[in-house]
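Subject: Handover of a structure for your review

Dear colleague,

I am handing over the structure below for your attention. Please look through it first; a summary of what was found follows directly after it.

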Amino acid sequence: MEKSPYESMSGDMKDKTKVQSWEEIEQAIHNIMDTNLSEDNFVRLENLVQRYSKVKSSLQHRQNQRKVPPPIISGEWRERAEESKKLLTTKLQPSESNLCLLSLAIFPENSIIKKRSLIYWWIGQDLVSQRGEKTAEQVGEEVYNELLQQGLIEPNDNDASPLMNRCKMHPLIRYRLLSEAEEAGLFYFESKDKTSHEDLKKLSSSRLRLIVGGEDSPQYENLAKDEHVHTVFNVNQQYIKLQSRLLSNMKQLAVLQLGRWQHSPNYHIEVDDQKFLDDLGVHHKHLKFLSLRGISRITALPDSIVELVSLEILDLRACHNLEKLPEDIASLKKLTHLDVSECYLIERMPKGTEKLSSLQVLKGFVIGTARKNPCRISDLGNMTNLRRLSIYIGRGAAIRDEEFAPLNGFASLCSLTISWGVTSLASQSSHLINQFLPEQLEKLELIGMPEKSTPKWLNPQELKNLKKLYIIGGELASWDHQQQNEQWSVEILRLKHLKNLSIGNKEDVLKRFPRLRYFEKKNCADNDVSWD
(Lines give C-alpha, C1' and ligand atoms only; values in the text may rest on other atoms or scores of the structure.)
Protein backbone atom coordinates (compact mmCIF):
# COMPACT_ATOMS: atom_id res chain seq x y z
CA MET A 1 0.00 0.00 0.00
CA GLU A 2 1.45 3.36 -1.04
CA LYS A 3 2.38 5.62 1.85
CA SER A 4 1.29 9.24 2.03
CA PRO A 5 3.94 12.01 2.03
CA TYR A 6 3.44 12.37 5.76
CA GLU A 7 3.58 8.66 6.56
CA SER A 8 6.75 8.18 4.55
CA MET A 9 8.73 10.52 6.80
CA SER A 10 10.65 9.33 9.84
CA GLY A 11 9.59 10.67 13.25
CA ASP A 12 12.31 13.33 13.30
CA MET A 13 11.66 14.32 9.72
CA LYS A 14 7.95 14.81 10.41
CA ASP A 15 8.81 17.48 12.95
CA LYS A 16 11.72 19.15 11.16
CA THR A 17 11.12 18.84 7.42
CA LYS A 18 9.25 21.66 5.72
CA VAL A 19 6.99 20.27 3.05
CA GLN A 20 7.19 22.62 0.09
CA SER A 21 4.07 21.48 -1.73
CA TRP A 22 0.72 22.43 -0.23
CA GLU A 23 -0.86 19.61 -2.26
CA GLU A 24 1.31 17.14 -0.30
CA ILE A 25 0.33 18.72 3.01
CA GLU A 26 -3.31 18.61 2.00
CA GLN A 27 -3.03 14.90 1.11
CA ALA A 28 -1.50 14.23 4.52
CA ILE A 29 -4.44 16.04 6.17
CA HIS A 30 -6.89 13.89 4.20
CA ASN A 31 -5.13 10.70 5.27
CA ILE A 32 -5.12 11.59 8.96
CA MET A 33 -8.77 12.69 8.83
CA ASP A 34 -9.67 9.20 7.58
CA THR A 35 -8.13 7.54 10.65
CA ASN A 36 -9.01 7.54 14.33
CA LEU A 37 -7.40 10.57 15.94
CA SER A 38 -4.96 9.69 18.69
CA GLU A 39 -3.40 12.48 20.74
CA ASP A 40 -0.25 12.29 18.60
CA ASN A 41 -2.21 12.42 15.37
CA PHE A 42 -4.25 15.32 16.66
CA VAL A 43 -1.08 17.35 17.35
CA ARG A 44 0.29 16.40 13.93
CA LEU A 45 -2.97 17.48 12.33
CA GLU A 46 -2.76 20.87 14.00
CA ASN A 47 0.81 21.28 12.75
CA LEU A 48 -0.18 20.28 9.22
CA VAL A 49 -3.02 22.79 9.12
CA GLN A 50 -0.71 25.56 10.26
CA ARG A 51 1.93 24.50 7.72
CA TYR A 52 -0.74 24.30 4.99
CA SER A 53 -1.98 27.84 5.69
CA LYS A 54 1.56 29.24 5.72
CA VAL A 55 2.51 27.60 2.42
CA LYS A 56 -0.80 28.53 0.81
CA SER A 57 -0.46 32.10 2.10
CA SER A 58 3.06 32.32 0.67
CA LEU A 59 1.84 31.17 -2.74
CA GLN A 60 -0.97 33.70 -2.69
CA HIS A 61 1.45 36.46 -1.75
CA ARG A 62 3.63 35.65 -4.74
CA GLN A 63 0.54 35.88 -6.92
CA ASN A 64 -0.25 39.33 -5.48
CA GLN A 65 -3.34 37.95 -3.76
CA ARG A 66 -4.49 38.65 -0.25
CA LYS A 67 -2.65 36.56 2.33
CA VAL A 68 -4.65 34.26 4.62
CA PRO A 69 -3.52 34.56 8.26
CA PRO A 70 -2.43 31.29 9.88
CA PRO A 71 -5.06 29.76 12.16
CA ILE A 72 -4.89 30.56 15.85
CA ILE A 73 -5.61 27.73 18.28
CA SER A 74 -6.62 29.27 21.59
CA GLY A 75 -5.90 27.76 24.96
CA GLU A 76 -9.60 27.55 25.67
CA TRP A 77 -10.15 25.51 22.55
CA ARG A 78 -7.27 23.19 23.49
CA GLU A 79 -8.98 22.55 26.83
CA ARG A 80 -11.94 21.22 24.87
CA ALA A 81 -9.78 19.02 22.64
CA GLU A 82 -11.61 15.82 23.60
CA GLU A 83 -14.98 17.23 22.50
CA SER A 84 -13.44 18.64 19.34
CA LYS A 85 -11.74 15.35 18.47
CA LYS A 86 -15.02 13.57 19.02
CA LEU A 87 -16.63 15.89 16.48
CA LEU A 88 -13.84 15.12 14.00
CA THR A 89 -14.31 11.36 14.32
CA THR A 90 -18.06 11.02 14.94
CA LYS A 91 -20.83 11.72 12.48
CA LEU A 92 -23.05 14.60 13.60
CA GLN A 93 -26.57 13.56 14.52
CA PRO A 94 -29.51 15.66 13.28
CA SER A 95 -30.38 18.28 15.87
CA GLU A 96 -31.19 21.97 16.03
CA SER A 97 -27.71 23.02 17.15
CA ASN A 98 -25.88 20.67 14.78
CA LEU A 99 -27.79 21.93 11.75
CA CYS A 100 -26.94 25.48 12.78
CA LEU A 101 -23.31 24.43 13.15
CA LEU A 102 -23.27 22.88 9.68
CA SER A 103 -24.51 26.12 8.18
CA LEU A 104 -21.27 27.84 9.26
CA ALA A 105 -19.30 25.76 6.79
CA ILE A 106 -19.93 28.19 3.93
CA PHE A 107 -17.96 30.99 5.57
CA PRO A 108 -14.36 31.32 4.39
CA GLU A 109 -11.63 29.97 6.65
CA ASN A 110 -10.67 32.23 9.57
CA SER A 111 -13.76 34.43 9.09
CA ILE A 112 -14.92 36.50 12.04
CA ILE A 113 -18.72 36.35 12.05
CA LYS A 114 -21.24 38.57 13.85
CA LYS A 115 -23.55 36.68 16.16
CA ARG A 116 -26.64 38.62 15.12
CA SER A 117 -26.04 37.90 11.42
CA LEU A 118 -25.79 34.19 12.21
CA ILE A 119 -29.00 34.10 14.21
CA TYR A 120 -30.95 36.02 11.57
CA TRP A 121 -29.74 33.56 8.95
CA TRP A 122 -30.75 30.60 11.10
CA ILE A 123 -34.23 32.08 11.50
CA GLY A 124 -34.55 32.63 7.76
CA GLN A 125 -33.57 29.03 7.05
CA ASP A 126 -36.01 27.68 9.68
CA LEU A 127 -33.11 26.18 11.61
CA VAL A 128 -34.42 27.89 14.75
CA SER A 129 -37.99 28.91 15.47
CA GLN A 130 -40.19 30.06 18.31
CA ARG A 131 -40.36 27.58 21.17
CA GLY A 132 -43.13 28.18 23.68
CA GLU A 133 -42.70 31.67 25.11
CA LYS A 134 -39.18 31.97 23.72
CA THR A 135 -38.84 33.91 20.47
CA ALA A 136 -36.88 32.46 17.54
CA GLU A 137 -34.09 34.94 18.31
CA GLN A 138 -33.89 33.82 21.94
CA VAL A 139 -33.69 30.19 20.79
CA GLY A 140 -30.92 31.23 18.39
CA GLU A 141 -29.06 32.87 21.29
CA GLU A 142 -29.24 29.57 23.21
CA VAL A 143 -27.88 27.62 20.24
CA TYR A 144 -25.05 30.12 19.76
CA ASN A 145 -24.08 29.88 23.45
CA GLU A 146 -24.28 26.09 23.31
CA LEU A 147 -21.84 25.99 20.38
CA LEU A 148 -19.49 28.31 22.29
CA GLN A 149 -19.64 26.16 25.42
CA GLN A 150 -18.86 23.04 23.41
CA GLY A 151 -15.85 24.72 21.80
CA LEU A 152 -17.28 24.25 18.32
CA ILE A 153 -17.01 27.99 17.71
CA GLU A 154 -14.68 30.41 19.48
CA PRO A 155 -15.04 34.04 20.51
CA ASN A 156 -12.89 36.46 18.54
CA ASP A 157 -9.42 36.70 20.15
CA ASN A 158 -9.39 40.50 19.82
CA ASP A 159 -12.76 40.96 21.50
CA ALA A 160 -12.12 41.80 25.17
CA SER A 161 -15.82 42.13 25.97
CA PRO A 162 -17.50 39.20 27.79
CA LEU A 163 -20.49 39.50 25.44
CA MET A 164 -18.82 37.32 22.77
CA ASN A 165 -20.83 38.87 19.95
CA ARG A 166 -18.32 37.75 17.31
CA CYS A 167 -17.05 34.27 16.67
CA LYS A 168 -14.81 32.18 14.44
CA MET A 169 -14.28 28.49 13.73
CA HIS A 170 -11.14 26.41 14.00
CA PRO A 171 -9.96 25.20 10.55
CA LEU A 172 -10.05 21.53 11.65
CA ILE A 173 -13.68 21.76 12.67
CA ARG A 174 -14.59 23.66 9.52
CA TYR A 175 -12.88 21.01 7.40
CA ARG A 176 -15.01 18.26 8.93
CA LEU A 177 -18.18 20.31 8.67
CA LEU A 178 -17.75 20.70 4.92
CA SER A 179 -18.03 16.92 4.50
CA GLU A 180 -20.92 16.66 6.95
CA ALA A 181 -22.81 19.51 5.29
CA GLU A 182 -22.38 17.82 1.93
CA GLU A 183 -23.74 14.53 3.30
CA ALA A 184 -26.66 16.38 4.91
CA GLY A 185 -27.55 17.84 1.51
CA LEU A 186 -26.97 21.44 2.52
CA PHE A 187 -24.48 21.82 -0.32
CA TYR A 188 -21.74 19.96 -2.13
CA PHE A 189 -18.44 20.67 -3.85
CA GLU A 190 -17.91 19.92 -7.49
CA SER A 191 -14.20 19.65 -6.61
CA LYS A 192 -12.65 17.26 -4.10
CA ASP A 193 -10.65 20.13 -2.61
CA LYS A 194 -12.72 21.36 0.30
CA THR A 195 -10.19 23.70 1.87
CA SER A 196 -9.52 26.33 -0.80
CA HIS A 197 -11.26 29.70 -0.75
CA GLU A 198 -11.49 29.56 -4.52
CA ASP A 199 -13.51 26.36 -4.35
CA LEU A 200 -16.34 28.21 -2.65
CA LYS A 201 -17.23 29.14 -6.22
CA LYS A 202 -17.78 25.45 -6.98
CA LEU A 203 -20.05 24.95 -4.00
CA SER A 204 -23.55 24.11 -5.11
CA SER A 205 -26.94 22.79 -4.05
CA SER A 206 -30.48 22.67 -5.30
CA ARG A 207 -31.37 25.01 -2.42
CA LEU A 208 -28.32 27.25 -1.97
CA ARG A 209 -26.55 29.73 -4.22
CA LEU A 210 -23.48 31.67 -3.16
CA ILE A 211 -22.23 34.95 -4.57
CA VAL A 212 -18.45 34.84 -4.36
CA GLY A 213 -16.07 37.64 -5.32
CA GLY A 214 -12.87 37.41 -7.29
CA GLU A 215 -11.74 37.54 -10.87
CA ASP A 216 -13.84 34.55 -11.88
CA SER A 217 -17.15 35.65 -10.39
CA PRO A 218 -20.06 33.23 -10.85
CA GLN A 219 -22.46 33.57 -13.76
CA TYR A 220 -25.51 35.06 -12.06
CA GLU A 221 -27.88 34.05 -14.86
CA ASN A 222 -27.33 30.42 -13.84
CA LEU A 223 -28.93 31.17 -10.48
CA ALA A 224 -32.33 31.96 -11.92
CA LYS A 225 -32.65 28.63 -13.71
CA ASP A 226 -33.36 26.71 -10.54
CA GLU A 227 -36.84 27.38 -9.20
CA HIS A 228 -36.07 25.44 -6.03
CA VAL A 229 -33.39 27.83 -4.76
CA HIS A 230 -34.08 28.55 -1.10
CA THR A 231 -31.10 30.76 -0.16
CA VAL A 232 -28.93 33.31 -1.94
CA PHE A 233 -25.95 34.29 0.20
CA ASN A 234 -23.30 36.91 -0.56
CA VAL A 235 -20.06 35.43 0.76
CA ASN A 236 -17.59 38.14 -0.20
CA GLN A 237 -18.71 39.98 -3.34
CA GLN A 238 -18.26 43.73 -2.73
CA TYR A 239 -19.61 44.96 -6.08
CA ILE A 240 -22.96 43.36 -6.74
CA LYS A 241 -24.18 43.43 -10.31
CA LEU A 242 -27.36 41.40 -10.64
CA GLN A 243 -29.16 41.24 -13.94
CA SER A 244 -32.74 42.34 -14.25
CA ARG A 245 -35.26 39.54 -13.71
CA LEU A 246 -32.58 37.41 -12.01
CA LEU A 247 -34.61 36.71 -8.88
CA SER A 248 -38.01 36.38 -10.55
CA ASN A 249 -37.83 32.61 -11.07
CA MET A 250 -36.80 31.86 -7.50
CA LYS A 251 -40.31 31.21 -6.27
CA GLN A 252 -39.09 29.23 -3.23
CA LEU A 253 -36.62 31.89 -2.06
CA ALA A 254 -36.67 32.23 1.73
CA VAL A 255 -33.33 33.94 2.44
CA LEU A 256 -31.79 36.77 0.42
CA GLN A 257 -28.58 37.71 2.24
CA LEU A 258 -26.84 40.25 0.00
CA GLY A 259 -25.62 42.56 2.76
CA ARG A 260 -22.67 42.57 5.11
CA TRP A 261 -22.21 39.74 7.59
CA GLN A 262 -18.54 40.58 8.24
CA HIS A 263 -17.76 42.02 11.67
CA SER A 264 -16.00 45.14 10.39
CA PRO A 265 -18.23 48.17 9.65
CA ASN A 266 -15.58 49.28 7.14
CA TYR A 267 -16.34 46.34 4.84
CA HIS A 268 -17.78 48.04 1.76
CA ILE A 269 -20.51 46.68 -0.51
CA GLU A 270 -22.27 48.54 -3.30
CA VAL A 271 -24.67 47.74 -6.12
CA ASP A 272 -24.18 48.68 -9.74
CA ASP A 273 -27.92 49.14 -10.21
CA GLN A 274 -30.73 48.62 -7.70
CA LYS A 275 -33.31 47.65 -10.33
CA PHE A 276 -32.90 43.97 -9.42
CA LEU A 277 -34.89 44.73 -6.26
CA ASP A 278 -37.94 45.37 -8.46
CA ASP A 279 -38.04 41.61 -9.07
CA LEU A 280 -39.04 41.04 -5.44
CA GLY A 281 -42.77 40.88 -4.93
CA VAL A 282 -45.89 38.82 -4.44
CA HIS A 283 -44.42 35.70 -6.09
CA HIS A 284 -41.82 35.53 -3.29
CA LYS A 285 -44.36 34.38 -0.75
CA HIS A 286 -41.76 32.33 1.17
CA LEU A 287 -39.15 35.06 1.69
CA LYS A 288 -38.51 35.45 5.43
CA PHE A 289 -35.14 37.20 5.64
CA LEU A 290 -33.92 40.07 3.47
CA SER A 291 -30.56 41.67 4.27
CA LEU A 292 -29.17 44.68 2.42
CA ARG A 293 -27.02 45.70 5.39
CA GLY A 294 -24.20 48.08 4.54
CA ILE A 295 -24.93 48.23 0.80
CA SER A 296 -24.33 51.62 -0.83
CA ARG A 297 -26.25 53.21 -3.74
CA ILE A 298 -29.68 51.93 -2.68
CA THR A 299 -31.79 55.09 -2.37
CA ALA A 300 -35.24 53.57 -1.94
CA LEU A 301 -36.99 50.22 -1.71
CA PRO A 302 -39.53 49.36 -4.41
CA ASP A 303 -43.19 49.42 -3.45
CA SER A 304 -43.36 45.71 -4.26
CA ILE A 305 -41.39 45.00 -1.06
CA VAL A 306 -44.63 45.32 0.91
CA GLU A 307 -45.98 42.28 -1.00
CA LEU A 308 -43.51 39.99 0.80
CA VAL A 309 -46.21 38.54 3.02
CA SER A 310 -43.90 36.14 4.90
CA LEU A 311 -41.08 38.63 5.56
CA GLU A 312 -39.95 38.50 9.19
CA ILE A 313 -36.53 40.17 9.14
CA LEU A 314 -35.71 43.29 7.09
CA ASP A 315 -32.10 44.34 7.75
CA LEU A 316 -31.26 47.72 6.18
CA ARG A 317 -28.66 48.84 8.70
CA ALA A 318 -26.01 51.25 7.37
CA CYS A 319 -27.61 51.64 3.92
CA HIS A 320 -26.17 55.13 3.86
CA ASN A 321 -27.92 56.23 0.65
CA LEU A 322 -31.38 55.02 1.67
CA GLU A 323 -33.73 58.02 1.83
CA LYS A 324 -37.13 56.54 2.65
CA LEU A 325 -39.13 53.45 3.48
CA PRO A 326 -42.24 52.24 1.61
CA GLU A 327 -45.36 54.17 2.58
CA ASP A 328 -47.44 51.00 2.86
CA ILE A 329 -45.04 49.30 5.25
CA ALA A 330 -47.97 48.26 7.46
CA SER A 331 -48.67 45.45 4.94
CA LEU A 332 -45.67 43.53 6.32
CA LYS A 333 -47.77 42.04 9.08
CA LYS A 334 -45.34 39.22 9.96
CA LEU A 335 -42.34 41.53 10.34
CA THR A 336 -40.57 40.86 13.66
CA HIS A 337 -37.27 42.69 12.98
CA LEU A 338 -36.83 46.06 11.25
CA ASP A 339 -33.37 47.64 11.35
CA VAL A 340 -32.84 51.05 9.72
CA SER A 341 -30.15 52.25 12.13
CA GLU A 342 -27.31 54.26 10.61
CA CYS A 343 -29.53 55.19 7.64
CA TYR A 344 -28.94 58.88 8.24
CA LEU A 345 -30.79 60.16 5.14
CA ILE A 346 -34.12 58.82 6.39
CA GLU A 347 -35.92 61.83 7.88
CA ARG A 348 -39.14 60.22 9.02
CA MET A 349 -40.90 56.93 9.68
CA PRO A 350 -43.88 56.28 7.37
CA LYS A 351 -47.39 56.30 8.76
CA GLY A 352 -48.34 52.71 9.39
CA THR A 353 -45.12 51.76 11.16
CA GLU A 354 -47.15 51.76 14.37
CA LYS A 355 -49.34 48.96 12.92
CA LEU A 356 -46.44 46.49 12.81
CA SER A 357 -47.67 44.83 15.99
CA SER A 358 -45.49 41.72 15.56
CA LEU A 359 -42.25 43.71 15.82
CA GLN A 360 -39.81 42.45 18.43
CA VAL A 361 -36.87 44.56 17.26
CA LEU A 362 -37.15 48.12 15.88
CA LYS A 363 -33.84 49.88 15.35
CA GLY A 364 -33.30 53.36 13.93
CA PHE A 365 -36.74 54.86 14.59
CA VAL A 366 -36.39 58.49 13.49
CA ILE A 367 -37.91 61.44 15.35
CA GLY A 368 -37.93 64.23 12.77
CA THR A 369 -39.49 67.65 12.38
CA ALA A 370 -43.21 68.25 12.85
CA ARG A 371 -43.64 68.45 9.07
CA LYS A 372 -41.76 65.22 8.46
CA ASN A 373 -42.91 63.13 11.37
CA PRO A 374 -46.07 61.18 10.40
CA CYS A 375 -45.28 58.32 12.81
CA ARG A 376 -44.17 59.20 16.33
CA ILE A 377 -42.91 57.31 19.36
CA SER A 378 -46.20 58.16 21.04
CA ASP A 379 -48.00 56.11 18.34
CA LEU A 380 -46.24 52.85 19.17
CA GLY A 381 -48.39 51.76 22.09
CA ASN A 382 -49.62 48.61 20.30
CA MET A 383 -46.12 47.13 19.95
CA THR A 384 -46.45 44.94 23.01
CA ASN A 385 -43.89 42.39 21.74
CA LEU A 386 -41.07 44.92 21.38
CA ARG A 387 -37.85 43.71 23.03
CA ARG A 388 -35.20 45.99 21.51
CA LEU A 389 -35.73 49.59 20.41
CA SER A 390 -33.35 52.25 19.16
CA ILE A 391 -34.39 55.86 18.57
CA TYR A 392 -32.62 58.51 16.52
CA ILE A 393 -33.45 62.15 17.36
CA GLY A 394 -32.72 64.07 14.16
CA ARG A 395 -31.98 67.70 13.36
CA GLY A 396 -34.77 70.05 14.47
CA ALA A 397 -36.70 67.19 16.06
CA ALA A 398 -40.20 68.12 17.21
CA ILE A 399 -40.74 66.41 20.56
CA ARG A 400 -44.06 66.72 22.34
CA ASP A 401 -44.74 66.44 26.05
CA GLU A 402 -45.02 62.77 27.00
CA GLU A 403 -43.59 61.78 23.62
CA PHE A 404 -41.80 58.89 25.29
CA ALA A 405 -44.72 57.80 27.48
CA PRO A 406 -45.31 54.50 25.58
CA LEU A 407 -41.86 53.28 26.61
CA ASN A 408 -43.16 52.65 30.10
CA GLY A 409 -45.84 50.35 28.70
CA PHE A 410 -43.51 48.04 26.77
CA ALA A 411 -43.54 45.12 29.18
CA SER A 412 -41.06 43.09 27.10
CA LEU A 413 -38.60 45.91 26.33
CA CYS A 414 -35.15 44.94 27.64
CA SER A 415 -32.81 47.01 25.41
CA LEU A 416 -33.09 50.72 24.55
CA THR A 417 -30.74 52.94 22.53
CA ILE A 418 -31.26 56.70 22.16
CA SER A 419 -29.08 58.74 19.77
CA TRP A 420 -29.00 62.51 19.44
CA GLY A 421 -28.03 63.65 15.96
CA VAL A 422 -27.27 67.32 16.70
CA THR A 423 -26.89 68.12 20.39
CA SER A 424 -27.40 71.86 20.06
CA LEU A 425 -30.83 71.34 18.52
CA ALA A 426 -31.83 68.30 20.51
CA SER A 427 -30.98 69.48 24.01
CA GLN A 428 -34.68 69.88 24.79
CA SER A 429 -35.30 66.16 24.39
CA SER A 430 -33.39 64.56 27.22
CA HIS A 431 -35.49 65.88 30.11
CA LEU A 432 -38.67 64.67 28.40
CA ILE A 433 -37.52 61.06 28.83
CA ASN A 434 -37.90 61.51 32.60
CA GLN A 435 -40.13 58.86 34.26
CA PHE A 436 -40.79 57.01 31.01
CA LEU A 437 -38.00 54.42 31.04
CA PRO A 438 -39.34 50.92 31.74
CA GLU A 439 -38.23 49.49 35.06
CA GLN A 440 -37.31 46.08 33.58
CA LEU A 441 -34.74 47.57 31.18
CA GLU A 442 -31.52 45.51 31.08
CA LYS A 443 -29.47 47.47 28.54
CA LEU A 444 -29.35 51.24 27.95
CA GLU A 445 -27.16 52.91 25.34
CA LEU A 446 -26.99 56.70 25.07
CA ILE A 447 -25.18 58.22 22.06
CA GLY A 448 -24.46 61.95 21.83
CA MET A 449 -26.38 62.83 25.01
CA PRO A 450 -26.59 66.66 25.27
CA GLU A 451 -26.58 67.02 29.10
CA LYS A 452 -23.36 67.97 30.86
CA SER A 453 -24.53 66.42 34.14
CA THR A 454 -26.18 63.06 34.52
CA PRO A 455 -29.94 63.55 33.94
CA LYS A 456 -32.21 62.79 36.87
CA TRP A 457 -33.80 59.81 35.12
CA LEU A 458 -30.41 58.11 34.80
CA ASN A 459 -30.14 56.71 38.31
CA PRO A 460 -30.09 53.25 39.94
CA GLN A 461 -33.45 53.74 41.68
CA GLU A 462 -35.25 54.16 38.35
CA LEU A 463 -33.24 51.42 36.59
CA LYS A 464 -32.96 48.67 39.17
CA ASN A 465 -32.54 45.83 36.66
CA LEU A 466 -30.01 47.52 34.37
CA LYS A 467 -27.06 45.21 33.55
CA LYS A 468 -25.41 47.07 30.65
CA LEU A 469 -24.86 50.83 30.40
CA TYR A 470 -23.13 52.40 27.40
CA ILE A 471 -22.59 56.17 27.09
CA ILE A 472 -20.92 57.15 23.83
CA GLY A 473 -20.14 60.72 22.78
CA GLY A 474 -21.97 63.85 23.89
CA GLU A 475 -21.40 66.51 26.53
CA LEU A 476 -21.50 64.50 29.76
CA ALA A 477 -18.90 65.85 32.19
CA SER A 478 -19.93 64.61 35.65
CA TRP A 479 -22.25 62.48 37.80
CA ASP A 480 -22.75 65.40 40.21
CA HIS A 481 -26.40 65.02 41.13
CA GLN A 482 -25.95 61.44 42.36
CA GLN A 483 -25.30 60.75 46.00
CA GLN A 484 -22.10 58.96 46.92
CA ASN A 485 -23.95 55.98 48.40
CA GLU A 486 -26.00 55.27 45.26
CA GLN A 487 -25.04 51.91 43.78
CA TRP A 488 -25.88 50.48 40.39
CA SER A 489 -26.62 46.87 39.46
CA VAL A 490 -24.73 47.40 36.18
CA GLU A 491 -22.30 44.61 35.25
CA ILE A 492 -20.94 45.97 31.95
CA LEU A 493 -20.06 49.69 31.67
CA ARG A 494 -18.72 51.37 28.54
CA LEU A 495 -17.81 55.05 28.37
CA LYS A 496 -16.44 56.26 25.03
CA HIS A 497 -15.59 59.58 23.40
CA LEU A 498 -16.59 61.70 26.41
CA LYS A 499 -13.88 64.35 26.24
CA ASN A 500 -15.19 66.23 29.30
CA LEU A 501 -15.77 63.27 31.63
CA SER A 502 -13.42 62.21 34.42
CA ILE A 503 -14.94 59.33 36.35
CA GLY A 504 -11.97 58.57 38.59
CA ASN A 505 -9.87 55.49 39.31
CA LYS A 506 -10.93 51.89 39.66
CA GLU A 507 -11.84 52.31 43.32
CA ASP A 508 -14.10 55.28 42.51
CA VAL A 509 -15.84 53.34 39.75
CA LEU A 510 -16.47 50.30 41.95
CA LYS A 511 -18.07 52.46 44.64
CA ARG A 512 -20.82 53.36 42.18
CA PHE A 513 -20.81 50.04 40.30
CA PRO A 514 -19.95 47.29 42.83
CA ARG A 515 -21.22 44.46 40.57
CA LEU A 516 -19.07 45.47 37.61
CA ARG A 517 -17.63 42.55 35.61
CA TYR A 518 -16.32 44.57 32.67
CA PHE A 519 -15.39 48.24 32.34
CA GLU A 520 -14.21 50.06 29.23
CA LYS A 521 -13.26 53.74 29.09
CA LYS A 522 -11.97 55.16 25.82
CA ASN A 523 -11.20 58.72 24.67
CA CYS A 524 -12.44 60.31 27.89
CA ALA A 525 -10.86 63.17 29.85
CA ASP A 526 -8.73 60.79 31.93
CA ASN A 527 -6.78 57.75 30.78
CA ASP A 528 -8.21 54.91 28.73
CA VAL A 529 -9.09 51.86 30.82
CA SER A 530 -10.31 48.38 30.05
CA TRP A 531 -10.60 45.67 32.70
CA ASP A 532 -12.75 42.74 33.71
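The protein chain exposes about 24700 Å², and carbon and sulfur atoms supply 44% of that area. Please bear in mind throughout that this is a predicted model. Of the 532 residues in the protein chain, 55% count as buried. The chain contains 11 helices and 22 strands. Taking the contacts between residues at least 6 apart in sequence, 64% join residues that are at least 24 apart.

Helices H6, H7 and H8

I begin with helix H6, which covers residues 96-103; because 6 of its 8 residues are buried, H6 is largely enclosed by the rest of the structure. The buried residues in question are Ser97, Asn98, Cys100, Leu101, Leu102 and Ser103. They pack against H7, H8 and helix H9 (171-183).

Helix H7, residues 115-124, is likewise largely enclosed by the rest of the structure, since 9 of its 10 residues are buried. These are Lys115, Ser117, Leu118, Ile119, Tyr120, Trp121, Trp122, Ile123 and Gly124. After H7 comes aspartate 126, which has a positive phi, near 65 degrees.

Two helix pairs deserve a description of their geometry. In general, two packed helices are described by the angle between their axes and by the distance between those axes.

For H7 and helix H8 (residues 136-149), the packing angle is about 120 degrees and the axes are 9 Å apart. The two helices are therefore oblique to each other, and their crossing is right-handed. On the H7 side, the residues that meet H8 are Lys115, Arg116, Leu118, Ile119, Tyr120, Trp122 and Ile123. On the H8 side, the partners are Ala136, Glu137, Gly140, Glu141, Val143, Tyr144 and Leu147. Sorted by class, this contact has 9 nonpolar, 1 polar and 4 charged residues.

For H6 and H8, the angle is about 75 degrees and the axes lie 10 Å apart. H6 and H8 are therefore roughly perpendicular to each other. H6 contributes Glu96, Ser97, Cys100 and Leu101 to the contact, while H8 contributes Val139, Val143, Glu146 and Leu147. The residues of this contact divide into 5 nonpolar, 1 polar and 2 charged.

The loop between E2 and E3

Asparagine 156 is found in the loop between strand E2 (154-155) and strand E3 (166-168). With a relative accessibility of 8%, asparagine 156 counts as buried. Setting aside residues up to four places away in sequence, asparagine 156 touches Ile112, Arg166 and Cys167.

Methionine 164 also lies in the loop between E2 and E3. Its phi is near 55 degrees, which is a positive value in a residue other than glycine. Methionine 164 counts as partly exposed, its relative accessibility being 32%.

The loop between E10 and E11

Valine 282 belongs to the loop that runs between strand E10 (269-271) and strand E11 (289-291). At 56% relative accessibility, valine 282 counts as exposed, because the cut-off for that class is over 50%.

The loop between E21 and E22

Asparagine 523 sits in the loop between strand E21 (518-522) and strand E22 (529-531). For asparagine 523, phi is near 55 degrees, again a positive value in a residue other than glycine. Its relative accessibility of 38% places asparagine 523 among the partly exposed residues.

Which residues does asparagine 523 contact, leaving aside its neighbours within four places in sequence? They are His497, Leu498, Lys499 and Asp528. One of these, leucine 498, is 25 residues from asparagine 523 in sequence, with a C-alpha to C-alpha distance of 6.4 Å in space.

With kind regards

Technical notes. Residues numbered from 1 in each chain as written. Predicted model: local features only at pLDDT ≥ 70, side-chain atom pairs only at ≥ 80, totals over all residues. Heavy atoms only, no water. Axes fitted to C-alpha atoms, helices over the stretch in contact; angles between N-to-C directions. Helix = DSSP H or I, 4+ residues; strand = E, 2+ residues; numbered from the N terminus. Parallel < 35°, antiparallel > 145°, perpendicular 65-115°, else oblique. Left-handed = near helix turned anticlockwise from the far one by under 90°. Contact = heavy atoms within 4.5 Å. Nonpolar A, V, L, I, M, F, W, Y, C, P; charged D, E, K, R; others polar. Buried < 20%, exposed > 50% of the residue type's maximum accessible area, 1.4 Å probe, protein only. Areas by Shrake-Rupley, 256 points an atom, 1.4 Å probe, with all protein chains shown as cover.
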